[in-house]
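Reader: I would like to learn how to read aromatic contacts in a protein model. Could you walk me through them?

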There are 2 protein chains.
Amino acid sequence: MVATPQKPAYKVIGTRPVRPDGVDKVTGRAAYGADVVLEGMLFGSILRSPHAHARIKRIDTSKALALPGVKAIITNADFPTQESGTLDLGEGSANPKWLVDNVLAGDKVLYHGHAVAAVAAVDWHTAEEALGLIDVEYELLPFVIDVREAMLAAAPILHHDLRTNVRARNADTPKDRETNIAMHMRVEKGDLDAGFAEADIVIEREFTTSQFHQGYIEPQNGTAHWNHDGQITVWTSTQGAFSVRDQVATLLGQPVAKIKVVPMEIGGGFGGKIPVYLEPVAALLSKKTGHPVKMWMSREAVFQATGPTSATWDRVKIGAKRDGTLVAADVSLCFAAGAYPGSAVGAGVLCALAPYAIPNQRIDGFDVVTNTPKTAAYRAPGAPAAEYAVEAVVDEIARALDMDPLDLRLKNAPDEGDTNSSGAPWPRIGAKAVITAIKESAHYNSEIQGEDVGRGIALGFWFNGGMESSSSVAVNPDGSVSLILGSTDIGGTRASLAMQLAETLGVPYEAIKPQVVDTDSVGYTAVTGGSRTTFAGGWVAYDLGQEIRKRLTERAARIWGVDVSAVTYNDDATITGTDKDGKAQRFTFEEICRRLPSTGGHIAVSAMSRRNTAGPAYAGHIADVKVDRETGKVTVLRYTAVQDVGTAIHPSYVEGQIQGGAAQGIGMALQEEYWYDDQGHLRNGSFLDYRMPVANDLPPIEVILVEVPNPGHPFGVRGVGEVPIVPPQAAIRNALRDAIGVNFYHTPVTPTRILDELLPRA
Amino acid sequence: MVATPQKPAYKVIGTRPVRPDGVDKVTGRAAYGADVVLEGMLFGSILRSPHAHARIKRIDTSKALALPGVKAIITNADFPTQESGTLDLGEGSANPKWLVDNVLAGDKVLYHGHAVAAVAAVDWHTAEEALGLIDVEYELLPFVIDVREAMLAAAPILHHDLRTNVRARNADTPKDRETNIAMHMRVEKGDLDAGFAEADIVIEREFTTSQFHQGYIEPQNGTAHWNHDGQITVWTSTQGAFSVRDQVATLLGQPVAKIKVVPMEIGGGFGGKIPVYLEPVAALLSKKTGHPVKMWMSREAVFQATGPTSATWDRVKIGAKRDGTLVAADVSLCFAAGAYPGSAVGAGVLCALAPYAIPNQRIDGFDVVTNTPKTAAYRAPGAPAAEYAVEAVVDEIARALDMDPLDLRLKNAPDEGDTNSSGAPWPRIGAKAVITAIKESAHYNSEIQGEDVGRGIALGFWFNGGMESSSSVAVNPDGSVSLILGSTDIGGTRASLAMQLAETLGVPYEAIKPQVVDTDSVGYTAVTGGSRTTFAGGWVAYDLGQEIRKRLTERAARIWGVDVSAVTYNDDATITGTDKDGKAQRFTFEEICRRLPSTGGHIAVSAMSRRNTAGPAYAGHIADVKVDRETGKVTVLRYTAVQDVGTAIHPSYVEGQIQGGAAQGIGMALQEEYWYDDQGHLRNGSFLDYRMPVANDLPPIEVILVEVPNPGHPFGVRGVGEVPIVPPQAAIRNALRDAIGVNFYHTPVTPTRILDELLPRA
């Protein structure tokens, strides 16, 4: 672990206690969405489109409704009409009309697996059987899967009322014709032409990336009960209970007051468990039947109809001086949004060049609809594809200039005060500290030996989020403190927030009892995502801790009969002072808490935090690979992830986040992709065929934590969960170039693609 | 409804909206303790003593443990050793050692039905079968049921280490010998001898009252899971989740941090659902088996082993002048505490003479252990027996002086500034307003006709409680407000607290979403009991409402760019002011709430209240009865309950409380009693034999609400739930005197006792 500057002497932060939800999760007692059982519960299932693009001419549910045990069937028409507008999902926003149409198709189905109708029945098998009795008449329409084809003037149009939202000065994108290009944004600074004129070398390349799925173990689920008094309760595994509440409220045309969302434990999300799919459907089925309705997705449905990443088509042109100074960059990112607008291209634009201080730059982003599932956030959404393309070109520049790729990067790395792509100055950041840590690492200084082996490095960047978090605390007479959280716990939220409260109070970790509650039981809290939760939730914990310190100090002053100024709350959680007789007095934390009930009552406090001082994160990965020329198989021999984590609250969970992100990125680099046939059908919608990496596909992921504290957080927290997924695609790709001399311009680099390059062409 | 003085023009308070839990309760969806179902749950049952008093020589569980399906058996020895001390139960306190011994008997069983051992098995029938295989060797001991006999020197002694705790100056109660008298307290003021010397008439009478059970519909239940990480979760139907937490923590020797209590809905409590019986047993069985364990009581067990009231033996001597002025009172109250000390005699002492301003008085109270179940709180605990005796003597004085019994009472009723039995001045009270309302009532001014009919009146008094309540609120962008409660909802808590928050904010009742949560999710909140919840919870709601008003005002000021002093929160929940350009501005509550997310975030606040400004309650009841001389059956022809309720927040629920209390009091007056045979066995432990009144035993209970606002509460709330159970026994008894000329000195006045008086003696 590398810490810059000197880290304070924390007592709890930096330790590795067991998470509060640990025992329940290893013994199977933790309750996930699938564990919800309610009296009189019905089971819902969804009929999905067999076509990539078709008009729905007629839905006949009569035969299905006649099946004994079937209680209700709904279609898009059962939703209230949506006014156009936007709905904040926590990581992006959406048009409610499109959100409804994605949940149950409107007049058209727009992708293979698109939901068409939903059945509630007395058991799941009956519901499934009923699906086969629903008669849907389709009129097939031409479809488009590829983002490049979708942008052509002759492409089949998905939404005839869609016009390009142009957020680019001086761009010539037409705004008034039918198109699949939902949005064109541009960020620029400096003088691009002048910049390229300065360059001694210019490299321009095109890249494509496939569509990747988050691959969470637990499929989407949702149970809803629409009570006779109009109150709707939703149980679901989600990253954001309040986001589900807001989405369900909007889609059902109900005020949020009518909706309570109970967040169950979540078996992975990675951004994909922010949008709603089943919850509003279950609610409408419940309204129609008077019973609670439980729904869950098959794995096939998860692949077909929940949000994977965008497939992308990207162009990067970078100019450099002979000494390695990067002087100009022109980047274009085209992201397939799937069936409805709203890819992560905007974040891709803002991240693409963030690892470098390039004075003259322009980045264009295009959001393009295609006949594929509506994309959703996936860990650093938008950043992996954008930075992959940039890191590949930077690697080629280093080779062209015969420079060490790390030295080139260090030379161009931004520092505090340099401006980002939007022209705003960077706060304290760890870009150079990360590169330096790589240079000094055992891995980078080791020799790599053998045939067809190579080493690559790549950097990664993610903003990290702020947003709003709320919590309440209650101080118990035994010196324990209940910490009530609105954030669902994905990667150790309970532990990391409890640790920050314990540190603030000076009490042991074990004294804090964190609990995740429903949306009626705590203040508004944004999604667990964007690498914001440990940051924003930590701020709330800190604020609450300070308030408790203040109140305990006041209580001690009252007990001792003196002014509060005569009393000190010490960092060891003792309270000292002199009483009204001038006698020295002291309470331990437990002692003052024990006195609470008899000296005015217990202490309970709520707080909300929404600060925009999140600390951006930089990462750099080192990959060693070996290529088998016979089979095209790539073995990752060694892999090290270096990252500026600000302050590692719980280093084990930080390391886990980094290892998980790196593993997913390696999957993107070498194995995973959505595969559509010529009918636009997804043909590998199963874990067997989709090929996420499993344990024997990966080496141990070594982790080096760099700690450049975020000055915008009381404990220096930056987010840690997103950025580790950014570097792997380029690190592996650059390693492959080192190993076999081939530059790849597409991920994943599957054995087939390796062999395409290595075998003699036909 | 009579309001004194002028009541403010409330918008929400005084209306009768549907309670938030209403639909769930009428549709059967509300989840009570019996509805708890957990994965891998075991079922627990309890072996109970067949003897009233016996030493346990040996417990052999080997045969029971060998029964297939039996997972664990525990006895008293499985509890950690308790240091002596006291534990606050919310309505009274207890020695933890005695509390453990009551939960599972120690070396002795002290009453018929006393718990001896507990079994956990795979199903309830197996657990029950196993009970029959537990071999307990008892050594029978002499027992004592009657409180008078228990006080005799020759009585069988229950606890050889028990000595009288004398809290009476100048009392000659011995403190150093074996005894069943656990406590003797005395309250006195004035000069008793001088007072009686002034009197023209002195009447002294002795009374006895039987033991009554609260008779809640839902039997006690408790489910517990002792997790592998040491965390204990308890699901139970209780009046106080935090009280259960504290009791379970003490009995199990665990910090409260380890215990979470989830309060389920409660099917009646009336004070009886404050002590724990099953919860710590279920927890220990869970610890032993590793599974959650669910337990519930049979109705027989409820009667045998949960807390009924004390049977009492009382003496009242009152002196009056010829003009009706009461000048002296000497009262002695002996309360059977049951097997362990801790009857409600203390409250009886403080209530006995509260309806009168008598200058010279002495009240003695004795807490006496007997071989009957440990008593618990029951609606105005201690007051009904004490005030019954006083109201009977006052009635006899009125007859002796030939005064209207109401005029006598009005003449002696206390007013603000008069002193109570402890010598402290009364705050604003409604004693005279209640008596005046009775005098003016249609019922009191109606003629009563027929043979063997009579009318009686009686007053009642209860302090009402304050204690500690906590709540949190979260303001939603649709203008709704989540109200998070620690108080379990017995008589409409959610509604009455939501109404007070709505009134404070100036928003409709429907805008408030109250929710009762577990002990980890809200600040400390004392039991729902003592008629404290609407008072103390209302204070918290008011404080939170004021804080929300303040914060919304600040937000508007920030939006308008002006100082907060230029902004007004109006009582119609609009916010008005002028912006920085001097332009008049206005937000409705919904409008400002909609702006919260985009102007700094949502609002969430917690508050705790513990005020000692509860407003005492007075009631007066009128009973018309008719006696059937052939069968002894008494028909209550008409019944009116008049009560100073301070302010009726939700008049329907206030009326319901009063009707319920009156019905229970009439049951005590005429029907209910514990019946022990000569072996000390309870012989009527079923609803069939115990004879609580059912609908056809009662007339409609007419209610007249008098509103003398409590100056110690922002909305004038006094408690309403307790005092209506106080007057019925004396009102009925005095009516019987009017009907058939017989003064009864025991309740209940059953047909047998009527016939004993009316039929020629053998």
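**Aromatic pairs**

Author: Gladly! Over all chains, the count comes to 38 aromatic pairs. Rings of Phe, Tyr and Trp (its six-membered ring) pair if their centres lie within 6.5 Å; planes under 30 degrees apart are stacked, over 60 edge-to-face, and the rest tilted. This is a predicted model, where local features need pLDDT of at least 70, side-chain atom pairs count only at pLDDT 80 or more, and totals for chains, interfaces and linings use all residues. Residues are numbered from 1 along each chain as its sequence is written, chains are lettered from A and ligands numbered from 1 in the order written, and side-chain values use heavy atoms, without hydrogens and water.

Reader: How are the planes of F43(B) and W296(B) arranged?

Author: They meet at 85° with ring centres 6.1 Å apart, so F43(B) and W296(B) are edge-to-face. F43(B) is in strand β2 (residues 42-48) of chain B and W296(B) in strand β16 (residues 293-296) of chain B, so the pair ties together parts 253 residues apart in sequence. Strands here are DSSP runs (E, at least two residues), numbered from the N terminus.

Reader: Is W296(B) buried, partly exposed or exposed?

Author: Buried means under 20% relative accessible area, exposed over 50%, and partly exposed in between (1.4 Å probe, protein chains only). W296(B), at 31%, is partly exposed.

Reader: Which residues form a cluster through ring pairs?

Author: F303(A), Y674(A), Y676(A), F687(A) and Y690(A) do.

Reader: Where does the charged end of K273(A) sit?

Author: A charge sits over a ring if NZ of Lys or CZ of Arg is within 6 Å of the ring centre and within 35 degrees of the ring normal. K273(A) has its charged end over the ring of Y216(A), 4.3 Å from the centre. In chain B, K317(B) lies over the face of F196(B), 4.4 Å from the ring centre.

How values were computed:
Helices (H or I, at least four residues) and strands (E, at least two) are DSSP runs, numbered from the N terminus.
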